[in-house]
Amino acid sequence: MSIRTSFFAEARRLSVEDALPVVYKEVDLRENPDHPDHRFNLTVSPGEVVAIIGDEDSGVGDLGKWTLGLDHPPSGRVVVFGRNMATLSYDDLLLFRRQMGYLQVGDGLLQNLTLKDNVALPLRYASDHRMSEVHERVEALVRSFGLADDAGLRPAQANEESRRRAAVARAVALDPELLVMEAPFDGLTGRAARALLERATMREDGSRRTVVITAQDLPPSVTSFLDRVVRVADGQAVEESA
Amino acid sequence: MTAAVAAIGESGVRRLSVLGGLARFAFRVARSAGRLTRAGRLVTLRVLINQIRFTALQAVGLVTLLAALLSFLVIAQSTQQLGRFGALERVGTIMVVVVIRELGPLLTALIVVSRSGTAIAAELATNRVLGEVTALEAMGINPDIYLVLPRVLGCIVSVACLMILFDSVALVAGYIGAASTGMQLARYVQIVLAELAPKDVIITVAKGISFGAAVALFCSYHGLAVTKGPTEIPQAVTRGVIATVVAIFVMSAVFVGVAAA
């Protein structure tokens with residue numbers, strides 16, 4: 001089933017045409033940078049899968065929230081699809097995020113909903129799908145993410161791998177152009193991590209999704225899927241080979 | 001002295017700030033109603049029905065019991081006092097004035113606060129602590145639409161329905177009490193109807209809407225205001241319940257003033 005596009009026209013209207021998916025400009029990753037030149041700068045191109053890694057105190061854990069506009073950096077700019085996230089109003093941010101997917105640390109699943117209902121959430125409340133279309137799309141996502149057996153479980157009843165798969169299925173339910181994932185492989189086996197990333201990078205039309213991953217470390221099994229690995233050192237981005 | 005004035009000022013400003021926050025919150029929730037998607041409308045309706053089941057249907061037994069007991073107490077006390085003055089016929093008047101107009105709506109709202117208000121505040125505070133509110137915002141879903149709106153509508157419908165139930169049970173129980181003093185049913189109905197005015201119906205509906213909205217809005221606001229962690233949840237519940245109880249009493253007083261005018 002293809003994703004309806006009319007509802008996302010509004011979200012895209014807020015973007016700048018042909019703008020890069022994500023640009024971090026002179027961002028302070030640490031509360032007290034020891035040098036004014038130690039700023040984080042990074043550009044993510046369309047279709048690129050980039051992993052940003054760093055220690056717990058490197059500030060890398062904040063990048064996901066800043067990219068979604070859920071919080072803002074103390075200084076510097078996070079520009080997504082040409083828009084400085086700090087300048088959008090709360091209502092515009094809600095609209096704008098429909099073209100972005102987000103996997104927050106842990107999974108962010110709603111505990112009183114089944115995994116299947118969690119996957120259906122964005123389709124029900126952030127799209128103009130009819131109920132029948134929502135059912136059809138959710139079934140397809142559940143099958144595609146291998147959740148058929150666990151779909152009726154609540155997050156607390158499911159194992160970590162199923163929860164993570166459900167959270168990623170929910171993040172890509174609207175087939176977003178950009179996916180931001182925070183520590184997506186923690187607690188997963190190498191094979192499960194690779195399968196999850198493989199599915200997350202694939203868009204409905206077969207093209208590659210732009211993916212930004214923030215983590216403290218990466219399992220070796222996923223590196224072949226990454227276009228770039230960037231390590232945060234002293235608040236700056238240092239390119240590593242993927 | 002200066003410090004004392006400053007302390008009063010600080011606390012006053014804090015309270016005003018909470019009131020301002022509540023007003024903005026109520027406005028945001030009301031505005032969000034117009035932004036429901038078509039699938040969202042159906043799901044919200046389902047959540048609303050569930051909320052009514054928890055808030056109204058599951059409280060029917062308790063409301064019936066308390067309404068009957070309150071009527072029994074009022075009738076028992078009034079017949080004793082009125083009997084001394086040979087004014088037993090005023091029992092119906094007392095039922096309408098005391099139970100239907102004042103105590104019925106007040107007790108109904110207090111029952112809903114203690115059962116559902118606490119649940120709403122605790123649930124939304126847990127949603128906040130577990131990062132579920134952030135998850136909703138990240139998906140482009142307005143938490144007011146998903147979490148608050150169905151609860152507000154559910155509480156409004158539930159409190160209004162429970163008030164009608166409370167008044168009905170109270171009137172029936174009142175008749176049973178009055179009948180024990182020898183009053184005929186026709187006479188009782190005549191006295192009650194003579195006391196009831198169309199204004200009473202309008203005020204009961206208005207109380208149902210405002211008390212119901214107050215329960216859901218105050219408890220949701222304090223539940224969602226949790227920031228620090230799970231230890232703050234019981235405090236949020238307490239704050240929500242106390243604020244709602246105070247608001248309900250204040251609104252009751254305002255309704256008395258409006259009715260008198």
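User: Happy to start with chain A: what share of its 242 residues count as buried?
Analyst: This is a predicted model, in which local features need pLDDT of at least 70, side-chain atom pairs count only at pLDDT 80 or more, and totals for chains, interfaces and linings use all residues. Residues are numbered from 1 along each chain as its sequence is written, while chains are lettered from A and ligands numbered from 1 in the order in which they are written. A residue is buried if 20 or more other C-beta atoms lie within 10 Å of its own, exposed if 12 or fewer, and partly exposed in between, with C-beta atoms placed from the backbone. Of the 242 residues of chain A, the buried share is 46%.

User: Good. How many of the 12 residues of α6(A) are buried?
Analyst: Helices (H or I, at least four residues) and strands (E, at least two) are DSSP runs, numbered from the N terminus. The buried residues of α6(A) include A:R163, A:R164 and A:A167, and the buried set packs against β6, α4, α5 (131-144), β7 (178-182) and α7 (190-200) of chain A. The helix is largely enclosed by the rest of the structure, because the buried count is 10 of the 12 residues.

User: And how far apart are the end C-alpha atoms of α6 (residues 160-171) of chain A?
Analyst: The expected span of a helix is 1.5 Å times one less than its number of residues. For the 12 residues of this helix that gives 16 Å, which agrees with the separation of its end C-alpha atoms, 16 Å.

User: Which residues is A:D107 in contact with, leaving aside its neighbours within four places in sequence?
Analyst: A:D107 sits in the loop between β6 (100-103) and α4 (115-125) of chain A. It is buried, with 24 other C-beta atoms within 10 Å. Two residues are in contact if their C-beta atoms, placed from the backbone, lie within 7 Å. By that rule the partners of A:D107 are A:P155, A:R163, A:R164 and A:A167.

User: Over to the interface: how many residues does the contact take from each of chain B and chain A?
Analyst: On the side of chain B that touches chain A, the elements giving two or more residues are α2 (38-55), α5 (132-138) and α6 (143-179) of chain B. By class, that side has 10 nonpolar, 6 polar and 3 charged residues (Ala, Val, Leu, Ile, Met, Phe, Trp, Tyr, Cys and Pro count as nonpolar, Asp, Glu, Lys and Arg as charged, and the others, Gly among them, as polar). The predictor gives the complex an ipTM of 0.88 and a pTM of 0.84. The contact takes 19 residues from chain B and 23 residues from chain A.

User: Is B:I141 buried or exposed?
Analyst: B:I141 lies in the loop between α5 and α6 of chain B. Its contacts include A:L121, A:P122, A:Y125 and A:A126, along with B:L136 and B:Y146. With 23 C-beta neighbours inside 10 Å, B:I141 counts as buried.
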